[in-house]
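Let us walk through this model together.

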Amino acid sequence: MDRLELKRPFLSWYLTRYVAQEILMSFLTGTTLFLLIMLLFQAVRLMEFVVVHQVAMRDVGRLSLYLGLSFLPLATPIAFLFAVVMGVSRANSEGEILALQVNGISLRQVFTPLAFFSVFLSGVVLYASLYTVPQGNRSFELLYTKLGNERVISTLKPGVFTDGFYGLVLFTEHIVPLKNELKRVFLYDRREDAHPLAITAQAGILKSQPEKGLLTLRLTDGSIHLENPGLEATAVQQKIDFDVYDINLELGAQGEAWRAYSPPSYNLPQLVQRIKETTHDAPQYRQLLVEYHRRFSMAFSVIVFACLGFSIGILSQRGVRSSAIVLCLVVALGYWTSYLVASALAVAGTIPAWLGIWSPNVAFLGVAYYCFRRYP
């Protein structure tokens, strides 16, 4: 390692390059690794589209891309903590931190380039959280809804009454997903209040026509029972047997699928507008306010993890880098656990939204300062 000569009190190009070489590759590797781990937990959910519902791999790939984008603000702070702990603990265990100090470079000077990196990365995460991630999350919602409409049979369960099935109550004893077939079907059609229908059939098949915005439920070998409340008691019900009976259900506009926005799908202007519109609805208002603070807090956590990772790295003893990695995972788990608990309390209204969302950052920043002060 070349001798480092500082031209400025707290910033040097040579020192900056040295720190970047230590953490850059670890950060990129860590980000990729954590994104893959998060996507792995969704693998069963995604593969169900392919194996059971025969969705094209292209659409599954798009879903994976949108999911990965939504996970990015979560994976980035953890990956940066991992990179900082790995880089600083390696330099400390091999005596490079001590060599820098011998050459008159203080720990604060070593941390300065790292602080600049963390602030820059925090800005990137903030922009992504406010604009890019909501767009990806919204695209995921729409695509997931579209695929769900085209493969609507995936929402049904055999032996269970399904209420709200396009205005119908549906029961079927057996489902053949690959053929979109239903066996021994019961339907209660209440779309016309004056003329509700009860329908039984030995079999049924669902045919999707997304280009026309239609879903057809074709029933075979069954009966229609009509209720006529206005007639005399002796003629309240009528029964009509059929061989084939089609029920057309509206899917929506051609090639489109719509669903209501979830809080993570609002970009910043939309989120601010919704917060103003829901001041009268306390639960919804708290949820949106928590989402608003969450995005800024998530970006600031990059700076918190930079401080914490640096403090952990300089405290790690010579030759025990593996313990630093374990400690990194423990710290990340502890942070997200406290974050989820505080968020739940804020959504429930037990504590103010800003306090619940920002308290983990303040607490772990205090831990980082305590660890830094312990270094001899």
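What is the volume of the largest pocket? The model is a predicted one, and in it the largest pocket takes up about 590 Å³. Its lining is made by 27 residues. Nearest the pocket centre lie S70, F71, L74, P264 and R294.

Which elements give two or more residues to this lining? They are α3 (57-93), α5 (107-150), α7 (282-315) and α8 (321-348). Helix α5 supplies the largest share, with 7 residues. Sorted by class, the lining holds 15 nonpolar residues, 6 polar ones and 6 charged ones.

Now turn to T31. This residue sits in helix α1, which spans residues 13-40. Is T31 buried or exposed? Its relative accessibility is 11%, under the 20% cut-off, so T31 counts as buried. Its side chain reaches the backbone oxygen of F27 at 2.8 Å. Leaving aside residues up to four places away in sequence, T31 touches L72, A75 and A79.

Next, look at backbone angles. Which phi value does R184 have? Phi of R184 is near 50°, a positive value in a residue other than glycine. R184 belongs to strand β3, residues 181-189. With a relative accessible area of 42%, R184 is partly exposed.

D221 also calls for a look at its backbone. Its phi is positive, at about 55°, although D221 is not a glycine. Where is D221 placed? D221 lies in strand β5, which covers residues 214-227.

Note on methods: Residues are numbered from 1 along each chain as its sequence is written. This is a predicted model: local features need pLDDT of at least 70, side-chain atom pairs count only at pLDDT 80 or more; totals for chains, interfaces and linings use all residues. Side-chain values use heavy atoms; hydrogens and water are left out. On a 1 Å grid over the protein atoms alone, a cavity is a set of points where a 1.4 Å probe fits but cannot get out, and a pocket is an open set with protein on both sides within 12 Å along at least five of seven lines; lining residues have an atom within 4 Å of a point. Grid points are joined across faces, edges and corners, and a volume is the space filled by probe spheres set on the points. Helices (H or I, at least four residues) and strands (E, at least two) are DSSP runs, numbered from the N terminus. Ala, Val, Leu, Ile, Met, Phe, Trp, Tyr, Cys and Pro count as nonpolar, Asp, Glu, Lys and Arg as charged, and the others, Gly among them, as polar. Buried means under 20% relative accessible area, exposed over 50%, partly exposed in between (1.4 Å probe, protein chains only). A polar contact is a pair of N or O atoms within 3.5 Å; within protein, one must be able to donate a hydrogen and the other to accept it, and residues adjacent in sequence count only if both atoms are side-chain atoms. Contact means heavy atoms within 4.5 Å.
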